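Trainee: I would like to learn how to read disulfides in a model. Where do I begin?

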Amino acid sequence: MRYRIVALAVVSLLAMAVPAGATPPRIAPDSAGPKPPGPTPPPGTTPPPGAPNGEAWAWTQLTSNGTQIRYVSTDTSQTCPSVRYTTGTGRAPHPLHLLSSTPTSAQFPTTVCELRVPLTASKAVLERTSIQAARVHPANRELPLPGWTSTTRPGKIAVIGDTGCEVPVSGPVQNCLNHQTGWPFQRIADSAATVTKPDLVIHTGDYLYRENPDRENDKAANPGCTTFADRASWDCVVADFFRPAEALLAAAPIALTRGNHEDCNTAHQGGAGGAWFRYLADDLRSNGSCSVYPAPSLIPAGTLTLASVDSSFADPSDNGSTAQRNIYARQFQAVNQAALQTPANDFFVVTHKPLWMVKASGNPPNSAEWLTRVLDAAVADTSLHRLADNVRLVLSGHIHLYQMLDFNSPRPPQLTVGSSGGTLDNGPDDSKVVGQLIGTQPPQAVTQSITQEQNPPQNLAGVFGYAVLNDNGGTWNLTFHDTAGAVRGKTCALSASKTNKSFACH
């Protein structure tokens with residue numbers, strides 16, 4: 001967990017009580033967007049950012065608007081390529097749509113393109129002759145597409161979170177150059193791609209940690225991300241996320257949730273939040289703007305729906321404040337309304353800050369330090385006073401470790417995966433977490449706590465890795481994987497019950 005306190009006033013217009021019968025919108029974000037820069041691998045391997053023939057990155061992202069192929073290039077043609085894919089018996093090229101182009105900016109020399117692809121599509125490949133960039137990622141130009149249908153769901157999901165390399169303005173700097181033990185995000189991404197081979201990747205937030213790139217030790221690999229002025233630039237987005245995640249992005253579609261490191265600056269224009277809305281958000285923008293409280297996104301994955309709730313600014317000081325409860329209650333109300341309309345679907349709430357994660361614990365029942373109280377209070381303020389029955393899991397990050405908590409009640413288990421790159425946090429003694437009373441209306445006792453640590457309870461430092469959820473004929477199996485992709489600890493099976501949601505672990 002690395003806190004970033006943003007001096008922003010809570011918008012009183014949003015602080016409204018939850019309308020009891022509110023109909024969920026398509027839950028559309030506020031309109032608008034940001035402006036970051038272009039990627040550059042080691043010197044001599046590709047042209048510098050903004051060069052006439054530049055470098056391009058393409059990936060497949062699940063959004064509330066369906067499956068999208070996204071493409072960002074630093075070439076100066078200001079054109080979008082075409083992608084060829086198969087539907088039925090036909091195979092034809094489809095041009096991507098131009099979203100934004102800012103070739104005059106030295107910091108953000110990018111063209112951004114996207115294309116919605118039908119769920120029935122397969123074998124997507126960027127047309128070589130339509131690419132103006134000298135180098136494109138993935139190098140084979142092949143883009144992964146969903147392997148499920150509208151009546152099935154992903155069979156295997158990798159969950160990663162808090163992946164960037166920490167280079168703060170002051171204080172300790174993470175060893176970005178050491179991809180084995182210092183900053184192992186690339187190793188984790190490679191292992192997930194080659195060992196786990198997921199059908200879908202979920203990122204729980206926090207991508208951009210290079211607050212002062214002048215202090216990093218991997219400048220040679222990131223020539224466009226080397227000074228304080230470069231922070232939140234496209235080159236830093238590439239350095240912190242796209243380059244280390246390249247193999248994983250080439251292997252599976254990804255669903256992204258915003259973290260508190262992708263925050264808005266005081267001008268609500270540009271910065272890390274602007275980069276998020278320009279390149280990674282559910283609904284991309286082209287004007288550089290950044291919103292503090294965008295509406296939730298309902299992301300379909302067949303019969304699984306990912307309800308992405310942007311908690312990047314929830315309790316920004318992480319001090320237990322519940323001042324924003326009305327704002328987030330409206331968001332969880334919308335999630336519940338959507339879940340109630342499709343009761344046969346499983347819902348996962350994906351939100352960067354956890355609702356019930358236990359960071360530290362003394363002896364039960366009332367001495368736990370847990371996060372994030374405002375989100376728990378917001379759920380209690382919905383018309384159901386809880387999450388809908390078919391919300392099966394809450395997936396979060398923010399704390400830099402792995403933890404699974406369940407309550408053997410209608411409250412879904414809380415899975416925290418913040419262990420995929422950033423400097424690790426210490427965790428609690430699991431034996432002191434069980435029995436702790438967490439949450440409101442009413443508080444519920446933790447019935448099971450599994451926190452991945454080094455040699456617990458003597459050493460409570462976390463373990464780098466990621467989680468995997470496997471479809472198990474109507475329910476889900478959960479495992480934690482280390483940097484090499486090996487299963488560490490127990491395999492847990494989620495109960496089929498919607499009133500006693502818990503994991504059976506062995």
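Mentor: We will go through the disulfides of this predicted model.

Trainee: How many disulfides does a search of the whole structure find?

Mentor: The general idea is a distance test: a disulfide is a pair of cysteine sulfur atoms within 2.5 Å. Here the search finds five. Count the bonded cysteines along the chain, and the pattern reads 1-2, 3-4, 5-6, 7-8, 9-10.

Trainee: How far apart are the sulfur atoms of C165 and C176?

Mentor: They sit 2.0 Å apart. Next, read the torsion about the S-S bond: it is -100°, and the link is left-handed. Both C165 and C176 lie in the loop between β10 (156–160) and α1 (185–196), so the pair ties together parts that are 11 residues apart in sequence.

Trainee: Are C165 and C176 buried or exposed?

Mentor: Both are buried.

Trainee: Which hand does the disulfide of C225 and C236 have?

Mentor: The torsion is about 100°, so this disulfide is right-handed. C225 lies in the loop between β11 (200–203) and α2 (234–242), while C236 is in helix α2. Buried means under 20% relative accessible area. C225 has 0% relative accessibility, so it counts as buried. C236, at 4%, also counts as buried.

Methods
Residues numbered from 1 in each chain as written. Predicted model: local features only at pLDDT ≥ 70, side-chain atom pairs only at ≥ 80, totals over all residues. Heavy atoms only, no water. Helix = DSSP H or I, 4+ residues; strand = E, 2+ residues; numbered from the N terminus. Buried < 20%, exposed > 50% of the residue type's maximum accessible area, 1.4 Å probe, protein only.
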